[in-house]
Protein chains: 2
Amino acid sequence: MAQMPDIHRQQIADILIAWGMPEPEAAQTSEVMAWADLHGIDSHGISMLTVYDRHRRAGRMDMAAQCRTVRDGPVHALLDGGGGLGHVPARTGMALAIDKAHASGIGAVAVRNSAHFGACGFYALMAAQAGLVGLVTTSAATIQVAPAGGAAARLGTDPLAFAAPGAPDRPFLLDMATTTVAAGKLRNRENEGADCPPGWVLTADGQPSVDPTEAREKGGYLTSLGGALEGSSYKGYGLAVMVNILSSGLSGATLVTDPQHTKKPQGMDIGHFFLALDPDLFREPGAFEADVAALSDALSATPPADPAQPVMIAGDPERARAAERGANGIPVAPGLLAKLREIAEAAGVPFRLG
Amino acid sequence: MAQMPDIHRQQIADILIAWGMPEPEAAQTSEVMAWADLHGIDSHGISMLTVYDRHRRAGRMDMAAQCRTVRDGPVHALLDGGGGLGHVPARTGMALAIDKAHASGIGAVAVRNSAHFGACGFYALMAAQAGLVGLVTTSAATIQVAPAGGAAARLGTDPLAFAAPGAPDRPFLLDMATTTVAAGKLRNRENEGADCPPGWVLTADGQPSVDPTEAREKGGYLTSLGGALEGSSYKGYGLAVMVNILSSGLSGATLVTDPQHTKKPQGMDIGHFFLALDPDLFREPGAFEADVAALSDALSATPPADPAQPVMIAGDPERARAAERGANGIPVAPGLLAKLREIAEAAGVPFRLG
C-alpha cells in the first residue's frame, strides 16, 4: 500500500493527537516524521509510532510536554524538552540557532530532557534552507554498539547531520549514524535469509560475525563506522563519543554510560545539539553557495566504478526518493501496516493507510 | 637514533630559520611539528620537512610569510596565511577562536591562503586546554581519494579533530583522516612485503584491492572511511566533503576540485577552519568536564575483546606514546635520518639528530 504524503502525515497527526499531544505540536511532529518517510528514511518515520507507543504506555514519555527555555543569550540557548518526544524541541532548537546566526553570525542550542526526534537531517536542512551551515547531533536511547576493541555495548548509533546551502534545491545534506549500518539494514538481511558482510556486527565476545541476528538476538553488537580495528573503527567510535559529548555533555542530559540512562524520573532524558553558522561572516554574499554548488557538481561528475551507479553527493539519494514518493505515494510494508492499523484502532482514530 | 624532544625541536627550528622563516614563527612551527613526533604522529612532524623543502624550492611556499587578519568580529575572524606554511596561521586562528569564545561564548575562524599545518589535534587540544570544546578541519594538497562509488581521485585525506576538556590531563582528543587509513600505513605494509586488508585501497577502475602500492604506483586511490560501499564508505566520503566545505568553502580557499587547486599564483591556498565553544554557556562550571571524565572512564572500563588490548578513548594512545618518547627520546628511522642530514647540510645548519 502507498498513500500520498498528505494522508500519510494526517494519519500520524491523528494518532499523536489521540495520544494527548496538542494539535500544534502534532502538526510539527507529523511533518518531521512524514518528511523522513517521503525521503526514504523509513526507519525514522511512521514506523517509530510502534516504539513511541511502547514508551508512552510505559510512562516514559509525556505526550502533552511543553518545551521551555532554560538559558538564552545572543549566540546560545539551553532548552528543556519537558520529557516528551524530541521533534518539537529539536525544531524549536534549530529555529532558535538560526535566529541567533542571522543576528549574531552563529547560534548554538543544546536540548536536554528530550527523546527520539526522528531524522537528524530534517533539522540540519532547516539551517541550509535559511542560507546557513547546520550541524546536528543527538544521543540515543538504545545501547547496542561496542567501543572499538570492546566486548560490551556502551554506545548507541549516535548520529550526526551536516548541511550547507549550494545550488538551489541541491543543498549538501549528510545524515549518518556513526555505526557501519543501522539496525534496519540487518533486519533486511535477516528477512532475505542472507548473511551480512564482514564488519557490520560483532559477537558477544567482540569477534567478527556475518550473522545478521547477532546483535538483536545473540548478545552481540553493531560495529562503529570502519567495521573492525584494521578498518579504523576507532574513528567511528571516536565520532560517536564526539556526538555524545555535544548532545549530552553540553545539554546536561543523562550520559549513555550512566546507569540511570533512559531511567530517570523525568523521562528518557535524551540530549541534542544544534549549531547554525552564517557563511557570510567570511564570504561575500553568494560566494559560499557557489563554491558548494561547484564542489557538488565536480564530485558527482566523477567517473563511476559501476556505470549503472553514478557518483552522488550526500542528499541526492533522498531527494530522488522524495520525488518518486511524492508522485507515487509512500509505501508501507504489510507487517508495519497491520501494526499501525492496531495502533489507530486502539487510539480510536480512522485508519487512512489501507 | 632517538633524540630528546628539545633537541628534536631545535633541529626543526634551525632548518626553518635557515630557510628564511623569522625566529618567532620558527619557534611556533617547530613546537607544533615536534609535538606531533612526540605523540607518535610521525607522518606530521619532522618527516614533513622533506615535503616542505620541495614546495619551498618550487616557489610554492613563502617562508617569510606573515599572517594577517582580513575580517574580525565578536564571534568570527577570517585570516590570510600569506602563502606560507600553515602552523602559525592555524595557531593564530585557534587562539583567536579561543579569545572570542571566552568573551562571547563561541568563536569561529576561517583561514585561507595557507598550507600544510601539521597535526589537526594540536589546535583542537588548544581549545580543550582553555576549557573549551574545539573543532578543527583543513583541506589537503594531495588528491588521492575517490568519492564513494567513483573511479577517479577527487579528494584528499581531509582530516578533522575534535577535543573536549575532561579529567585533568585526559581531554578527549579525536584526530582523524576521513579516509580508512593514511598513506603511511600503506607504506608500512609495502615495507613488510605484506598485503593490506580489503577496504584500504581501490584500483584505478575503482575496484577493491589488497595491493599496498595500488594508490602510490598504479593509479589507484585511498578509500573513504567505511572502505567499500557495503561498509558505508559514503559516510567517510560525506565527512570529507563536510571538511572541504568548512575549510575551503567558508574561508574562500581554492576548492580541491578546482583545476587551479595548489596552482594559484599566491601559493598552495589551503584552507582551515577552527571552532571554539564554551560549555559553560549551557552548564554550571565544572559539570561538563566531569561528564566528559565520567564518559571517558566508563568507556575505557569496557571489557576488551582481546585482554591484551584495553579499550581506550581518543587521545589515550598518543598520550602514552608522548610519555614514553618524553623519557626515551623521539626515534627517527634511518632513511628519514639520512634525508634530514642532507637537508640540514644544504641549509648550512648543524645536524643534531645523530
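Visitor: In what sense do strand β8 of chain B and β9(B) pair, and over how many bridges?

Guide: β8(B), residues 201–202, pairs with β9(B) in the antiparallel sense over two bridges. Strands (E, at least two residues) and helices (H or I, at least four) are DSSP runs numbered from the N terminus, and two strands pair if DSSP finds at least two bridges between them. This is a predicted model, where local features need pLDDT of at least 70 and side-chain atom pairs count only at pLDDT 80 or more. Residues are numbered from 1 along each chain, and chains are lettered from A in the order in which they are written.

Visitor: Which residue is the bridge partner of L202(B) in β9(B)?

Guide: That partner is P208(B).

Visitor: What is the strand order in the open sheet?

Guide: The order is β9-β8-β10 in chain B, with antiparallel pairing. β9 (208–209) and β10 (221–222) stand at the edges with a single partner strand each, so one side of each has no neighbour in the sheet.

Visitor: Helices now. At what angle do α2 and α5 of chain B pack?

Guide: α2(B), residues 23–38, and α5(B), residues 120–129, pack at about 105°, with axes 9 Å apart. Axes are lines fitted to C-alpha atoms over the stretch in contact, and angles run from 0 to 180 degrees between N-to-C directions. α2(B) is therefore roughly perpendicular to α5(B) (65 to 115 degrees).

Visitor: Which residues of α2(B) meet α5(B)?

Guide: E31(B), V32(B) and W35(B) meet G121(B), F122(B), Y123(B) and L125(B), where contact means heavy atoms within 4.5 Å.

Visitor: How many disulfides over all chains?

Guide: The count is zero, a disulfide being a pair of cysteine sulfur atoms within 2.5 Å. For C120(B), the nearest cysteine sulfur, that of C67(B), is 17 Å away.

Notes
Heavy atoms only, no water. Parallel < 35°, antiparallel > 145°, perpendicular 65-115°, else oblique.
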